[in-house]
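Here is a short report on a two-chain structure. The sequence and structure come first.

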Amino acid sequence: MELSSAIAESFRLLFSFDAQLWTIIGVSLKVSLAALLFATPFAVALGFFLATVPFRGRRACVIVLQSFLSFPTVVVGLVLYVLLARSGPFGAWELLYTQEAMIIGQAIIAFPVLAAFTLTAVQGADRIVRETALSLGATKLRAALTTLFEVRFAVMAGLFNGFGRVISEVGCAMMVGGNIAGLTRSIPTAISLETAKGEFAQGIALGMVLIVLALGINAALNYFQGEGGMK
Amino acid sequence: MSALLHIRSLRKSFGERRLLDIADLNLDAGRIYALTGDNGSGKSTLLRIIAGLEPADELNMRFDALTLNGAAYPDALRRDIIYVHQHPYLFHSGIAANIEYGLKLRGVDKAARDAITAEAIDWAGLSSVMSVQPKRLSGGERQQVALARAKVLNPRLLLVDEPTANLDRAAREQIVALLRQTASDNNCVVVACHDREIIDLPGVHKLHLEEGRVTGG
């Protein structure tokens, strides 16, 4: 198929609301958002803890966390595969090749991004944010929450960044999801498959969706940052 | 006049250097104190220790009926002692939200909060800048918000750190006027400063910090 006709076909698939295509998009969004929902509270709590509580070994923890930022997603998939495979320690749960397995994998991938952004944001917050809250009568917990609220837009940047990372990752999704049509086939795994088959139209259509999502995420981030007093 | 705050001993060192070594200091209710001293003499550190924002190496003090001797700084004390930074931080949530922050923490209901906040806005002369984002306020306006934010809480002891530093004359005069109005018979205001306009105000008691010790009062 020529590139021009592939592009034309991709538009047709998108705007004729091709069921197969939109199922793939739906799976991607569902899995990625669920992974973020699952990872965010723990990741933000860890990032905040590392930024505010001094303890022995804190530096090592930060280095490990930052190293996980560049951890290949395919290795996450491999480890998870070994754990969830029938012969693995969690094989009895029968999670391999399910959306749940993809959600776990993507949550693991998003976790260091969210935690590292929170860590940086809170560390970057002026010390007097917390002191001001304390001095006005806040408890330590309330002062911590106030600080987190003050850096919410930087944390939100981490959230969007994490979303961008998980919705476009292919390695882990392919390994633990299995790329099963209608069940675990996501945008990046479908693009990979269709391209291998020489069927570019669906790949291009899905690629356009990813680009639109990336633009939308950045536009939303810019909007919220503007609303957050950064004008 | 009874001492609102009585420091029996306060010591603070940074490395080998002993910054504060105070054996006896009384702050009485109903008074404004100007705390002077060279840059780096420890004025800010003293205020921050009293406000519980920085630990001392040794601290034995009594505030009203509460004695603090080596124990952790109680959260309840922060309700009575408020410290205003030299460069106050204003939360991103708007001027009114800044002023009512402490009221919310104290469980004041919304109607009362709104009334107190409106009064404080008027008191501090902030009506014309209410639509401006806090980060866009001038240094003087930020101080006005910070003082209004502290005043609505009726602190027994208000500690203000260099409130007029780097301000132009008009802003300085406004801050000095607000500081005078902040003092009452029931509370005590301590202002760390170099500003003669504050030091020479009638009725202001002078404290001087030198080589870790406070004289005057």
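## Strand β5 of chain B and its neighbours

In chain B, β5(B) pairs with strand β6 (residues 66–69) in the antiparallel sense, over four bridges. Strands are DSSP runs of E, at least two residues long; helices are runs of H or I, at least four residues long; both are numbered from the N terminus. Two strands pair if DSSP finds at least two bridges between them.

This is a predicted model: local features need pLDDT of at least 70, side-chain atom pairs count only at pLDDT 80 or more, and totals for chains, interfaces and linings use all residues. Residues are numbered from 1 along each chain as its sequence is written, while chains are lettered from A and ligands numbered from 1 in the order in which they are written.

β5(B) and β6(B) form a hairpin with two residues between them. B:Asp64 sits in that turn, with a positive phi of about 55°. β5(B) also pairs with strand β1 (residues 3–14) of chain B, again in the antiparallel sense.

| Partner of β5(B) | Bridges | Residues standing opposite |
|---|---|---|
| β1(B) | six bridges | B:Arg11 and B:Glu58 |
| β6(B) | four bridges | B:Arg62 and B:Thr67 |

Which residues form the covered face of β5(B)? They are B:Leu59, B:Met61 and B:Phe63. The uncovered face holds B:Glu58, B:Asn60 and B:Arg62.

## Chain B overall

Chain B has six helices and 11 strands. Its C-alpha trace spans about 50 × 40 × 35 Å along the principal axes. Of its 217 residues, 42% are buried (20 or more other C-beta atoms within 10 Å of the residue's own, with C-beta atoms placed from the backbone).

## Helix α4 of chain A

Helix α4 (residues 73–84) of chain A has 12 residues. From first C-alpha to last, α4(A) reaches 16 Å, close to the 16 Å expected at 1.5 Å a residue (1.5 Å times one less than the number of residues). Its buried residues are A:Thr73, A:Val76, A:Gly77, A:Leu80 and A:Leu84. Seen down the axis of α4(A), they fall within an arc of 100°, so they line one face of the helix. The arc is that of the directions from the helix axis to the C-beta atoms. The cover over these residues includes α5 (99–124) and α9 (171–177) of chain A.

## Where the chains meet

15 residues of chain A are in contact with 19 residues of chain B (C-beta atoms, placed from the backbone, within 7 Å). On the chain A side, α6(A) gives the largest share, six residues.

Definitions and conventions
Two residues are in contact if their C-beta atoms, placed from the backbone, lie within 7 Å. A residue is buried if 20 or more other C-beta atoms lie within 10 Å of its own, exposed if 12 or fewer, and partly exposed in between; C-beta atoms are placed from the backbone.
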